[in-house]
There are 6 protein chains.
Amino acid sequence: MYFYKEDLINLIVPDKPDPAAAKVIQEVLGGRFGEMRTMMQFFFQSNNFRGNAVQYRDLIRGVFLEELSHVELVQHTINQLLTGSGEDQAGDAGVDHAPLDEAIKHANPHHFIMGAQSSLPVDASGNPWLGSYVYSHGNLISDLLDNLVLESTGVLQKSRIYEMSSNKTFRETLAFLIVRDNAHQNAFAKALETLGVDWGKLFPVPNYDINKYPECRKYVEMGFHNAQFNFRLDSTRIGEIFNGQTPSRNGGDLSVIDPPEGFPLPYMPELPNEHSPGLQDLNS
Amino acid sequence: MYFYKEDLINLIVPDKPDPAAAKVIQEVLGGRFGEMRTMMQFFFQSNNFRGNAVQYRDLIRGVFLEELSHVELVQHTINQLLTGSGEDQAGDAGVDHAPLDEAIKHANPHHFIMGAQSSLPVDASGNPWLGSYVYSHGNLISDLLDNLVLESTGVLQKSRIYEMSSNKTFRETLAFLIVRDNAHQNAFAKALETLGVDWGKLFPVPNYDINKYPECRKYVEMGFHNAQFNFRLDSTRIGEIFNGQTPSRNGGDLSVIDPPEGFPLPYMPELPNEHSPGLQDLNS
Amino acid sequence: MYFYKEDLINLIVPDKPDPAAAKVIQEVLGGRFGEMRTMMQFFFQSNNFRGNAVQYRDLIRGVFLEELSHVELVQHTINQLLTGSGEDQAGDAGVDHAPLDEAIKHANPHHFIMGAQSSLPVDASGNPWLGSYVYSHGNLISDLLDNLVLESTGVLQKSRIYEMSSNKTFRETLAFLIVRDNAHQNAFAKALETLGVDWGKLFPVPNYDINKYPECRKYVEMGFHNAQFNFRLDSTRIGEIFNGQTPSRNGGDLSVIDPPEGFPLPYMPELPNEHSPGLQDLNS
Amino acid sequence: MYFYKEDLINLIVPDKPDPAAAKVIQEVLGGRFGEMRTMMQFFFQSNNFRGNAVQYRDLIRGVFLEELSHVELVQHTINQLLTGSGEDQAGDAGVDHAPLDEAIKHANPHHFIMGAQSSLPVDASGNPWLGSYVYSHGNLISDLLDNLVLESTGVLQKSRIYEMSSNKTFRETLAFLIVRDNAHQNAFAKALETLGVDWGKLFPVPNYDINKYPECRKYVEMGFHNAQFNFRLDSTRIGEIFNGQTPSRNGGDLSVIDPPEGFPLPYMPELPNEHSPGLQDLNS
Amino acid sequence: MYFYKEDLINLIVPDKPDPAAAKVIQEVLGGRFGEMRTMMQFFFQSNNFRGNAVQYRDLIRGVFLEELSHVELVQHTINQLLTGSGEDQAGDAGVDHAPLDEAIKHANPHHFIMGAQSSLPVDASGNPWLGSYVYSHGNLISDLLDNLVLESTGVLQKSRIYEMSSNKTFRETLAFLIVRDNAHQNAFAKALETLGVDWGKLFPVPNYDINKYPECRKYVEMGFHNAQFNFRLDSTRIGEIFNGQTPSRNGGDLSVIDPPEGFPLPYMPELPNEHSPGLQDLNS
Amino acid sequence: MYFYKEDLINLIVPDKPDPAAAKVIQEVLGGRFGEMRTMMQFFFQSNNFRGNAVQYRDLIRGVFLEELSHVELVQHTINQLLTGSGEDQAGDAGVDHAPLDEAIKHANPHHFIMGAQSSLPVDASGNPWLGSYVYSHGNLISDLLDNLVLESTGVLQKSRIYEMSSNKTFRETLAFLIVRDNAHQNAFAKALETLGVDWGKLFPVPNYDINKYPECRKYVEMGFHNAQFNFRLDSTRIGEIFNGQTPSRNGGDLSVIDPPEGFPLPYMPELPNEHSPGLQDLNS
């Protein structure tokens, strides 16, 4: 069973609305290699696990638990990037235009039609999330290899999306997730090491230069690339796998630690134009 | 952030394998009105919530938290129904047939190809789960109305699926979920009552006769149709809405209670034929 | 604007329930070459029509109007094939089985889960109907050629589906539609003749032997393969194209005639097990 | 059977081409809550109807009949918004650009590739219409509740899309449909009232301020929000449900009336660049 | 079995990057009527062929073999249009923007997220290629008719896409493919002539004016519209069908000829920002 | 450019029709990890390749070329399994049943509706192949890792499908492909070895016991698990990577060899009931 404390796993840094950035970061939420995929894939793998080697199930489930917080973090990031879109033009008195005609130009129009300037379960191209993304074949090696590809591709995509806007809300969330995906790459690569692989200097994929992503630095300095957060209220055997030297070329030792202290959920203001939440309408 | 204790929210009752039952109960997991939909819909609605009326967000999030456990419960139910399929024929000595040729006849073949006799994110017809199922429009009334349709349809479908097998594993899980969907109907109907609706004798939908589903009785007697479990580690305002008389014709008072004590996850044996988990292969 | 008289375009011949037949005839309703496709394709083509040659628009729209009745006819055919499924076993006293466990074996389980033993917008394999099936490119020749392929494939598929059950409800509807698709093939082939093509002995596709489909004979004898029904309340220019010698090898002259007199919609009894319509529940 | 008179249910107001507006209003045609969905959903529900309470079937079918005209209206609206796109640049002599390079910048490119500047069965994000949108579960209460959500969401989405362009063709069609969706909300809410619900002041959803949508006013003054058009050539029992006081807070009495007189279909000129219809090519 | 010589079937003409052009020409690669469709459709039709009339199988397979080269040609065209996008802004010193924020404005963002500025199996609207596009019904006439529609629609779409950019890389590939689709139209139309049709002056569809597409002229002068390339290492019977007078109004005689001599694959430079191929990372 | 010699890469062993086997082996053709996926993935990766390390492109392209033959082999295998289905019942004189009513019971009905008893681009559950299966991210390591997962999963799935029928046509093709997938695993694992990985005893995945799949033995004895076929008509640098000791625990040295000599395509008889090819109809 699942328990909740209303805290975000990382800070939402405020900046101006940026619907074009919201559109592309949807890939990180609802894309084929986004957080909904990692969440659902590890959910299925951990409950479909067979046999006694439950330290591997605990590892996979542990990452799943964090992915729940990642989905939540990206939802709030998108909401922050969208909220307030279109307000700037309101001041263009005398111009015969509509409040959203500029906002939607490089946006996903569903952000303003199906959502009230808020997140959706779709990718950067507007395709809905698909159950067939999930890989849970029940063979531990193939499942771990696919998880490794998934986390590596997650970093790769985020490093590319990072180039698409200089918005601070956008980049901070991406940077945090790049470092955490790196940690999860380490988790699955380490699990495969226990089965005999020596990775040489292959990981992390891609071999990103931390100086290109300055927001990443503080998370690396906090050791977040070599840590696994423990969200279990009972005991876990993650530490039997996630320990000792990192399988990545950047070095350091792996350790299971407590989750971050938590950050407040940003307040999302009412949007009367979007009839959201619409309660004021009832009272009027 | 999300925390976990390795307990199921209800018991998995053992019975014989039944791949045809596993196929149809996939609707409850990955169907358009299944538990993955309720989970993701309430996840998006609670994080996309706007304004100060957070008692409604707490209610929606509260149901979301339980849906995580429901997804987990159905995954284990399907695994129980599948595990061991095909073993019976093994004894048919001298017959020129394949171990799974009977098992797949009325099964979803993906249960044996993509899964190692385990659950998948698809519906009863094998269609993958779709992000476009999620309804999160940000207008509180329309969101609540859709949630009501979703929970009502959940009960309706489960009462129909119940007729498709007499397998005990299958029926016990369905019965538990019918009663819990009923409670969630009450939650959303009650929330709409706070906005002015008087439901008359409309709910629950459908008006099922509890004697037709004997496994439901004990859950009703425990009051599970009028209770909302509280999975929050911090405080919640669910009780401001979920209290007083039920909106359903079957009567009683609503109350927020502690979750069930929890039941152990069933052990899933290794399946060498499916190469799952395949670790024994490495050691041989 | 569209007007309606509650009549079916052809008779629903009663026979026993046959869920396996219902499953495969879904192709004729919701398949890539089914009646929903023809209906929507001709709907888009007629309203997207450009230029003054409105006799072609009238022809396409005329076929569209009939397709509305075809969709309705197939919906009722499927409902007839499904209604009552599972009742036979109810008499098997003392047997520990569920009312629908046999019925769903070769059925589309969604017929009993999402529908109350009734029709769905899916194909014979359970895939939902897709907007991308529609061809409306706005070039008259390419649109007419695609319509020809669509109607030819309709006949071809129906002649194959015909071999899948000897149920009379099933075969009568297929036979009627085979002959009507043949007429629509003639309509589009004739339109292309006005643009210069001489079809030789190519049509109809396929070259079916009417003796193989005895139910077809009466419709051919009534001239339904060479007639176009007129559902317009105002005037139409269909007759400028649909006249003279048929483009098909089976000979005869084309003519625009009044629609059939109409047949009553079959009564669909209540199904308490499916909670359909469920009104009796409210009064109990 | 279905009959047709070549009239639009409302006027297409001419204005300049606006491909960006055409892109977003596709949601109203082919979106999850658009007119193709309402049309097909009520088509399936009315033909899948069980039992004797045919006044409900007549109500659902009555709305279906109007939806056919709505699909047609939106198709023509989109065509009007697209026709002539790209012509403006043609005058930019000496500039090395292509006739459509500007037009497609904020357009759905399929409007110019698959359509000849004309409507498509897709949503605002370019996703094709899906059969799985249709809800027809056969339980009258759940079907009516879903219809209510569908019509409410229709108004909600249209009020948001309205903000995306000030084009008159675009806004007039949206305004007409907002008022008609409101009437259909009333129809389904009233039907649920006959089953015992008292809606308080919940409807319409959302609680829109008519002054924000000035084009709506005339339709409200004509009473179109409280009327149901009768498209039956035989008798109908809609009036047994659709009568008396509106269930909506805006007051008034419901009545079944004759359809509007009808408006001419706009002429769609030939587009030689798009080879549409392409007949002039044959004669050259 | 298939053999390969590393040559492109036509030249890639260099020009500036143009991500908007890359987005729309994806239709030609992964659209419903694009080269992936033609390739897969003819692949299935030729291997699913029944009976002794293998000259038709040889014809279909012959076109399939060329389509392999077409897919390859369009992939390289897209890569050329994308490579280097975003570099221009790099010089805008002091401006607080991201390297790709302009490039993605009218682009498919997946070109920069899932691809490293390279081609994808999707259409111009970002929808993934679908197996259900393939038509292979096994009746020779219906298969040939559908092939004719497919090739005609290919030319029609390409003539429309041509108007969307004046980029030379883009237009040269389109022009080559327009002429080759024309030849394939001739192939399938001629095959239907052997079965009795006289096409009059119907083909090619659409009746394009070669002066509008100047890049086409040289290919027509080389006779590429009336030629079929022979990619067989063993003998083929294509020539039994593809000979004599063209079925198209533009005249000339059909002939089977050797493939073009072949053009070098363009060099695709490394893109460190996209971590592609990422080998330099390993060595650093 | 691509050249063809009409030979299959392996023998089609004749056996009785088995539509249930044809249904499940569709996974190997059109499934998420089937031969269409491997073919298209390596096609995109090789043409999207960046940089000078073309020995890797040659390796990937080399596997692509073989996958073309694999798709062809599975198409013919499915056709062999389907051809003749339903003929047995024809002899059941006096029984009132339809020729295909038994055949479709455990079949994919589309095999008899959309195909003329022939192969389709779908998976074992009837879902159409999807472009979004393709992984071509342009980072060599992530592409190679995904290829490894793809080939490993291919073997895993085939070893499971093998248990679903004892039909010889079915098992021989599966066995050949299991061994070839094993070779391709070696190819991609070896390529990663050149980048620094030491696999220990991880590969092949899964660790199958060759005695369980007796049809595999002869291919292993021929060294097919350690060989890469060369289908290039010009030179290739595959051998720079594919040489030396295998990365798999089963030992041996890798070598690039000539393709098999080739096997004749099976003759597919006409099926008049399916109107395939339907030419005899024209002459009658």
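# Exercises on helices, strands and chain contacts

The axes of helix 2 (residues 35-47) and helix 3 (residues 54-82) of chain C come within 8 Å and cross at roughly 150°. Axes are lines fitted to C-alpha atoms, for helices over the stretch in contact, with angles from 0 to 180 degrees between N-to-C directions. Helices (H or I, at least four residues) and strands (E, at least two) are DSSP runs, numbered from the N terminus.

This is a predicted model, in which local features need pLDDT of at least 70, side-chain atom pairs count only at pLDDT 80 or more, and totals for chains, interfaces and linings use all residues. Residues are numbered from 1 along each chain as its sequence is written, while chains are lettered from A and ligands numbered from 1 in the order in which they are written.

## Exercise 1: a helix pair

Describe how helix 2 of chain C meets helix 3 of chain C.

*Solution.* 
- Start with direction. The crossing at roughly 150° makes helix 2 of chain C roughly antiparallel to helix 3 of chain C. Angles under 35 degrees count as roughly parallel, over 145 as roughly antiparallel, 65 to 115 as roughly perpendicular and the rest as oblique.
- Next, find the residues. Helix 2 of chain C brings Met39(C), Phe42(C) and Phe43(C), among others. Those of helix 3 of chain C include Ile60(C), Phe64(C) and Leu68(C). Contact requires C-beta atoms, placed from the backbone, within 7 Å.
- Then sort them. The residues of this contact divide into 10 nonpolar, 4 polar and 4 charged. Ala, Val, Leu, Ile, Met, Phe, Trp, Tyr, Cys and Pro count as nonpolar, Asp, Glu, Lys and Arg as charged, and the others, Gly among them, as polar.

## Exercise 2: chains A and B

How many residues does each of chain A and chain B give to their contact, and which rotation superposes chain A on chain B?

*Solution.* 
- Chain A gives 63 residues and chain B gives 63 residues.
- On the side of chain A that touches chain B, helix 3 of chain A has the largest share, 8 residues. That side divides into 33 nonpolar, 21 polar and 9 charged residues.
- Strand 1 of chain A pairs antiparallel with strand 1 (residues 2-4) of chain B over 3 bridges. Phe3(A) has Phe3(B) as its bridge partner.
- A rotation of 180° with 0.0 Å of shift along its axis superposes chain A on chain B, with RMSD 0.0 Å. Copies are superposed by least squares on the C-alpha atoms of residues with pLDDT of at least 70 in both.
- That is the relation of a two-fold axis. The same surface serves both copies, since 100% of the contact residues of chain A recur in chain B.

## Exercise 3: chains D and E

Relate chain E to chain D, then describe their contact.

*Solution.* 
- The contact takes 19 residues from chain E and 20 residues from chain D. Helix 5 (140-161) of chain E gives the most to the side of chain E that touches chain D, 5 residues.
- Only 5% of the interface residues of chain E are also interface residues in chain D, so the copies meet through different surfaces.

Conventions
Contact = placed C-beta atoms within 7 Å. Pairing = 2+ DSSP bridges.
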